[in-house]
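Biologist: I'd like to learn how to read the places where parts of a protein touch. Can you walk me through it with an example?

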Amino acid sequence: MIVFEKPKSLTDAELHYCPGCTHGIIHRLVAEAIDSLGIEGNTIGVAPVGCAVMAYNYFACDMVEAAHGRAPAMATGIKRSLPDRIVFTYQGDGDLASIGMAETVHAATRNENITVIFVNNAIYGMTGGQMAPTSLPGQVTQTSPYGRDVLTAGYPVKVAELLSSLDGPEFIARVAVNNVKNVKNAKKVIEKAFRNQIDGKGFSLVEVISACPTNWGMTPQKALDWIDEKMIPYYPLGVYKDKSASAGAGSARPQNGQEVQP
Amino acid sequence: MAKVLMKGNEAIAEAAIRAGCRHYFGYPITPQTELAAYMAKRMPKIGGVFLQAESEIAAINMVYGVAATGRRVMTSSSSPGVSLKQEGISYIAGSDLPALIVNVQRGGPGLGGIQPSQSDYFQATKGGGHGDYHLIVVAPSSVQEMADLTALAFDLSDKYRVPSMLLADGTIGQMMEPVELPEPEAPEFTEKPWAVTGTRLQRPHHIVNSLYLVPEELEKKNFERFETYRQIEQAEVRYEAFRMEDAEYCVVAFGIAARVAKNAIAAARKEGIKVGLIRPITLWPFPKKALAEAAAHCKAFLSVELSMGQMIEDVKLSIDCRRPVSLCNRAGGMIPSPDEVLDSIRSLSRRDKPCLSADGQGPSLQQTGGAAQ
């Protein structure tokens, strides 16, 4: 009996991510969702610019590589051209919440029937650790060497909260992958975000709080702890919007048991 | 098929639909609005997609997405909007995808104005965005050509996997003329075995991508792409030669400027000046050979442009500066009158003073003339 195997919708390519980076876990969760829904041959993924730029080498489904921040627009084109295919984007915080904010908000408000995996690690990883739109107040980065000063650099963007204020999107949730419990919950939520698309429900975004030990300057273990200590208090986990659920039984309860902040 | 009276912008839209395009993405901007409005009306009726994007940037990236799936797709805009699209155009070129971008030019730079212009010539023909690439650029001079060249631009783009641009101007976009539309093509599709359509678990995954981190690989891609460009330069040059058989002077003009020039040439001929016109229909590839051949029997050239003089550089290069080339131009949304062009032709034949030019760019005559003759 096989108890553990590589998801079929991941290729054999060796991941280039740093030790302790949680992109690998998130790739795996996405691939497991694709496998369990049996949609690999019918899926087209959109890679971002950022650490996950070469995601096109790792997912075994058809892949495209978008310009920085434009993945939701490119996914829109693909989905409008091939409405019966499953289209997902995989984007980081700089890509989705800074340079691509317009594309993100408008794909959401159109309720574009795509799935967005949004990896929030509060830093620009690929370029070597600059301040991200999601870097926390006081967070030291290469471009906020004295800590993010909200007076000059402004506040972090809370993407899940922001998008859930729109009437358009079907499903907005925030999960984390820093411990087994959170990973198991993230797996369910990511699968739901894909199933929503299969069911034609519309725009489903999962924000995944992710670790970047290299650019946070921490050990992998310390980075996972930092998610609990700093990230999650600022970015509470939970389901922020679930249109079908609230239209049905009226139960929009956070799926992972954590209360959504009002 | 009977002729119908149409606006230039609408002729592009209808011709695109008849060429099998079922996906249009755009953002409102004058003076191309009629094109988007036409698509908004028609596409839902024929099972196509019209989507008003949140920005020009989003629109071109939606185009990028559809192009990756192998379907005919287009966007349209005017000069400031086309600047915004350059990032996406570079990616589309770098991913070897076909697509059509329409630029109904207006005066610039900056927000400029809304009157017709040809001042995006450099941007259109030299690349426009970052990196080494070309677009196939066609330049209609009538409403009929708005339709015909739209179809041609789609076909060439598919054939070579090079994005194409239809470079029009506000005059042709806005004016109405009788046009004979082609019979509709059965929607789609040239075989596109490279497209992302889902593997169906039947083949290895396809990747549409412009990233090559290994410099040797990126160089190889560039060399291959430029080999394609050389084939296009060999096979796809299109131009009109008007009264060139016995011409001693050659006017070069495209789009609306060429129509003004034709009137001026007719008047000049009545005065006994043997002058003809070479009208590039493809701006890239540029009709270099036709101009080089003209240089064998023409004493001087005149570039007529709605810009501060952009195409004139290609005219000079085409003839290796062997003959004087002068400029007759208006800019900022102004169009030269036939009389202004006629005056420039007279100057050419008198050779006493260079040419009418808004900025007194006379020296171009002496500069290039002196050296080579």
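Biologist: How many residues of chain B are in contact with chain A?

Modeller: Keep in mind that this is a predicted model. Start by counting who touches whom: 33 residues of chain B are in contact with 37 residues of chain A. Then look at area: the two chains bury about 2600 Å² between them, 58% of it on carbon and sulfur atoms. On the chain B side, B:E54, B:R200 and B:H205 lose the most area to chain A, together 20% of what that side buries.

Biologist: And what about salt bridges between chain B and chain A?

Modeller: For those, you look for a side-chain nitrogen of Lys or Arg within 4 Å of a carboxyl oxygen of Asp or Glu. Across this interface there are 3 salt bridges. One of them pairs A:R70 with B:E87, with the closest N and O atoms 3.1 Å apart. Polar contacts come to 20 residue pairs.

Biologist: Which element gives the most residues to the side of chain B that touches chain A?

Modeller: Helix 3 of chain B does, with 8 residues. By class, that side of chain B divides into 17 nonpolar, 11 polar and 5 charged residues.

Biologist: How do strand 2 of chain A and strand 9 of chain B run, parallel or antiparallel?

Modeller: They run parallel, joined by 2 bridges. Find A:M63 and you'll see it opposite B:I207 in strand 9 of chain B.

Key. Residues are numbered from 1 along each chain as its sequence is written. Chains are lettered from A and ligands numbered from 1 in the order in which they are written. This is a predicted model: local features need pLDDT of at least 70, side-chain atom pairs count only at pLDDT 80 or more; totals for chains, interfaces and linings use all residues. Side-chain values use heavy atoms; hydrogens and water are left out. Contact means heavy atoms within 4.5 Å. Buried area is the accessible area (1.4 Å probe) that two parts lose on being put together, summed over both. A polar contact is a pair of N or O atoms within 3.5 Å; within protein, one must be able to donate a hydrogen and the other to accept it, and residues adjacent in sequence count only if both atoms are side-chain atoms. Helices (H or I, at least four residues) and strands (E, at least two) are DSSP runs, numbered from the N terminus. Ala, Val, Leu, Ile, Met, Phe, Trp, Tyr, Cys and Pro count as nonpolar, Asp, Glu, Lys and Arg as charged, and the others, Gly among them, as polar. Two strands pair if DSSP finds at least two bridges between them.
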